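Subject: Structure for you to look at

Dear colleague,

I am passing on the structure we spoke about, and below it I have written out what was found in it. Please read the notes with the model open beside you.

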Amino acid sequence: MNWYKIAQYADEPPEWDFPEAEHDYNPSWDYAQVIPDEKLKAITEEVMNDINNNLMPQIGMGKAKTAYIEDADGALAKYVHGTQPYPVFVIDLESIRRGAEKYGVDIGGQIEATLIHELGHAIQEWMGLEMDEDEAESFAEHYHYYRELKKFWE
Ligand SMILES: [Zn+2]
């Protein structure tokens with residue numbers, strides 16, 4: 001057995017797999033995918049499950065999926081333009097962790113707020129609206145405080 005090969009394979013991020021999507025976008029085209037911290041990944045998956053099971057049906061979009069990457073062009077996360085209604089998000093969990101530690105805020109809340117903000121951008125594109133930062137941020141804040149969608153697109 002070639003142990004070197006096995007070790008190397010184990011260090012590779014899992015293959016990108018998004019069969020529901022109508023597009024074939026692969027985050028590897030633009031970003032370095034990483035193996036995320038297990039705990040932070042579990043939090044992220046929980047948020048994505050909430051988005052896919054509870055929010056997307058209310059919005060009328062398909063499914064969303066998040067890739068774990070190292071550097072979202074200096075941002076904590078990004079919505080990949082052109083991927084709606086099956087939006088792809090990329091997220092830099094280590095930068096979110098550093099920010100949460102620096103400002104003493106809850107990392108779970110931070111991950112959720114970041115992803116809901118990016119979902120806001122996906123909706124903006126889906127509805128042919130301008131990419132509006134304030135609108136995306138207030139969409140995320142509203143969900144954080146009231147656990148319901150602020151339907152800015154209706
Ligand atoms: Zn934004």
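Which residues of strand 1 point one way, which point the other way, and are they buried or exposed? Lys65 and Ala67 point one way, Thr66 and Tyr68 point the other way, and all are buried, where buried means that 20 or more other C-beta atoms, placed from the backbone, lie within 10 Å of the residue's own. Please bear in mind that this is a predicted model, in which local features need pLDDT of at least 70 and side-chain atom pairs count only at pLDDT 80 or more, while totals for chains, interfaces and linings use all residues. Residues are numbered from 1 along each chain as its sequence is written, and helices (H or I, at least four residues) and strands (E, at least two) are DSSP runs numbered from the N terminus.

The sheet is open, with three strands in the order 1-3-2 and mixed pairing, two strands being paired if DSSP finds at least two bridges between them. Strand 1 and strand 2 stand at the edges with a single partner strand each, so one side of each is left without a neighbour in the sheet. Strand 1 pairs with strand 3 in the parallel sense over four bridges; Thr66 stands opposite Phe89 of strand 3, and Ala67 has Val90 as its bridge partner there.

Helix 4 lies across strand 1, strand 2 and strand 3, and runs at about 20 degrees to strand 2 (axes are lines fitted to C-alpha atoms, for helices over the stretch in contact, and angles run from 0 to 180 degrees between N-to-C directions). Helix 2 (residues 38-59) packs with helix 4 (residues 107-126) at an angle of about 35 degrees, their axes being 10 Å apart. The contact, counted where C-beta atoms placed from the backbone lie within 7 Å, involves residues including Val47 and Ile51 of helix 2 and Leu115 and Leu119 of helix 4.

Leaving aside neighbours within four places in sequence, Leu115 is in contact with Val47, Ile51, Thr66, Ala77, Phe89 and Ile91.

Definitions and conventions. Two residues are in contact if their C-beta atoms, placed from the backbone, lie within 7 Å. A residue is buried if 20 or more other C-beta atoms lie within 10 Å of its own, exposed if 12 or fewer, and partly exposed in between; C-beta atoms are placed from the backbone.
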